[in-house]
Amino acid sequence: MAIVAQGICVSLGGRCVLTAADMALQPGEVLGIVGPNGAGKTTLLRVLAGLLRPDQGSVRYDGSTARELGRRALARRVAFLAQDGAATWPLSVEALVGLGRLPHRPPFGAESEADRAAVANAMALCDIAALAGRTLGTLSGGEGRRVLLARALAVDAAYLLADEPLAGLDPGHQLETLKRLRTVAAGGVGVAVVLHDLSLAARFCDRLLLIHRGLRIANGAPGDVLDDAALADVFGVSVLRGQRDGVPFLLPWQTIDARGSTHDGC
Amino acid sequence: MRQLPGAGVRPVVLMPVLGLATLAMAAASLALGYAALPLGQAFADAIAGRASLPALVLMELRLPRALLGALVGFSLGMAGAAMQGLMRNPLAEPGIVGISSAAALGAVTAFYSGLSATVALALPLGGIAGALLATLVLFVLLGPGASTMTLILAGVALNSFAGAATALALNLAPNPYAALEIVFWLMGSLADRSMSHVWLVLPLMLAGWLLMASTAPALDALSLGEETAASLGFDLTWLRARLIGGAALAVGSAVAVTGAIGFVGLVVPHLLRPLVGHRPGRLLVASGFGGAVLVLAADLGVRLAPVRPELKLGVVTALIGAPFLFGLVQRLRREAL
């Protein structure tokens, strides 16, 4: 039981974005995907979600390929939370969250009891029950992101793939979102999340996957992955480290010039 | 489920109301016209097979006109909602991918070649051929995996080509009367159509409606963007193919029998969107009914207005539609503030 990706290679517009990336996402864990801008994090997530077919390599969902599962079954198993979160039409919050149930509904089937329960659960978990009749455009950024997260949770999938769910959120909302993802994982869902805040990634993720220029640099416990050498090499920063209640944290402090030239994408 | 302010009118209420409104407008279209028609007697005679004058007026003039008004309006309204949903743009309309102008070109070609003078249904058949050819060109040009942006660009190209070719036909018209006839036909009208027109377009339109209606859940999902829609299990290439094919069948045959009737597909979805809680999927059928009501009403206006020669239907819908668009611009500006 896991999403297992092996030897994923993707080139977009003639540029090699991912090279022989391997990874696995287990149920019940929060896997943080970290790396500098352009490292291939989003591309990897899109491959995992079945939105992008890799040039090489395979992704297996609990042993089956996306083709064997079929689109709808895959959509029920893997929920994807896109980074940009705008709704074209001013649908009510409740209707938006309900879109997450579409993979479960037979064509032209009405909402079932299970659909209603899943929507209510997702809205309760994201604390947006009071916003049910509002539209996305009238909400604050933080509320809007909660609605979109609830939409992804309403799918009731075994795996949740979230692309930068913290982008544009204030510190309070960032912490809240990560706590929510931990709650989701505690319910048995495998959560993969692309993060830029290394400190939060180290604190809230069970495991980190560090990628750089399309290559997997490290994969393991946050403390092992984010060592000084890797941070200097991959991000080009030096960090301050500290501890609070026995939990280590780090703070990017200064850029250093020796940004790794050792890894070439292809 | 309980109803919330933003959720619109319940579909179990809205759809029957819109359906009844369509029926009422169609009945009015049967009952009202240039001359008083004893409807009861006309129906009795028509059913009994007596070729009396009222029966002839009903079966040869009023009934095809009412039926075509409803069918064409439904097609335009639904295709407008479908295109706005697909393009995720409130300014999309049925003609955006170039099908309407291609259908018009096909009909004009039938005119120009003189076929329409000799073959009974040459005009609508030419229009349908034009629409199908354009759809084929779109699919071949785009291939699988084309984006919506490519689709719009291909539509712009197709539109300007068909427009230029139509202008060329006018330019080279053998005499001014032929040119005038083409221009008048292009303005759109429901007058002087027969039941054979109805039978010709009915199956094509039904197929088109079904194709478009089948995309309702996918259009809902598309509200959150193409990526999210795909992650919810919808194949976007297949979605575009169904929508373009459906719109081509419905709108292509509509244009083929009535000429160009603008603004219906643009305006109607806007009017009804709040009533369906802004859900693009539910909007499809609602807009179909709304389009039927609007076209039937405009056609009644054309008949009842004391202006002779009869105003062209496309002219009237555009005259109603343009001020509405200005209103929409005003509203969008206010919302942007």
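Asp228(A) is found in helix α10 of chain A, where helices (H or I, at least four residues) and strands (E, at least two) are DSSP runs numbered from the N terminus. The model is a predicted one, in which local features need pLDDT of at least 70 and side-chain atom pairs count only at pLDDT 80 or more, whereas totals for chains, interfaces and linings use all residues. Residues are numbered from 1 along each chain as its sequence is written, chains are lettered from A and ligands numbered from 1 in the order in which they are written, and side-chain values use heavy atoms, with hydrogens and water left out.

With a relative accessibility of 46%, Asp228(A) counts as partly exposed, the class that lies between buried (under 20% relative accessible area) and exposed (over 50%), as computed with a 1.4 Å probe on protein chains only. When residues up to four places away in sequence are not counted, Asp228(A) touches Val239(A) and Arg241(A), contact being defined as heavy atoms within 4.5 Å. From Asp228(A) to Ala120(A) the separation is 108 residues in sequence and 44 Å in space, C-alpha to C-alpha.

Within α10(A), which spans residues 228-235, the buried residues are Ala230(A), Leu231(A), Val234(A) and Phe235(A). Viewed down the helix axis, these residues fall within an arc of 100 degrees and so line one face of α10(A), the arc being that of the directions from the helix axis to the C-beta atoms. The elements of chain A against which they pack are α8 (198-204), β9 (207-212), β10 (215-220), α9 (222-225), β11 (237-244) and β12 (247-255). Just after α10(A), Gly236(A) takes a positive phi of about 70 degrees.

Helix α1 of chain A (residues 41-48) is mostly covered, with six of its eight residues buried; these are Lys41(A), Thr43(A), Leu44(A), Leu45(A), Val47(A) and Leu48(A). This helix, too, is followed by a glycine with positive phi, Gly50(A), for which the value is near 80 degrees.

Positive phi also occurs in residues other than glycine. In Glu164(A) phi is near 45 degrees; this residue is found in the loop between β7 (159-162) and α7 (171-186) of chain A and is buried, with a relative accessible area of 15%. In Asp245(A) phi is near 50 degrees; Asp245(A) lies in the loop between β11 and β12 of chain A and, at 71% relative accessibility, counts as exposed.

In chain B, helices α3 (residues 53-87) and α9 (residues 195-213) pack at an angle of about 20 degrees with their axes 10 Å apart, which makes α3(B) roughly parallel to α9(B). Axes are lines fitted to C-alpha atoms, for helices over the stretch in contact, and angles run from 0 to 180 degrees between N-to-C directions; those under 35 degrees count as roughly parallel, over 145 as roughly antiparallel, 65 to 115 as roughly perpendicular and the rest as oblique. By class, the contact of α3(B) with α9(B) has 19 nonpolar, two polar and no charged residues, where Ala, Val, Leu, Ile, Met, Phe, Trp, Tyr, Cys and Pro count as nonpolar, Asp, Glu, Lys and Arg as charged, and the others, Gly among them, as polar.

The axes of α4(B) (residues 99-112) and α8(B) (residues 176-186) come within 11 Å and cross at roughly 150 degrees, which makes these helices roughly antiparallel. Their contact is made by Ala104(B), Ala107(B), Val108(B) and Phe111(B) of α4(B) and by Glu181(B), Ile182(B), Trp185(B) and Leu186(B) of α8(B).
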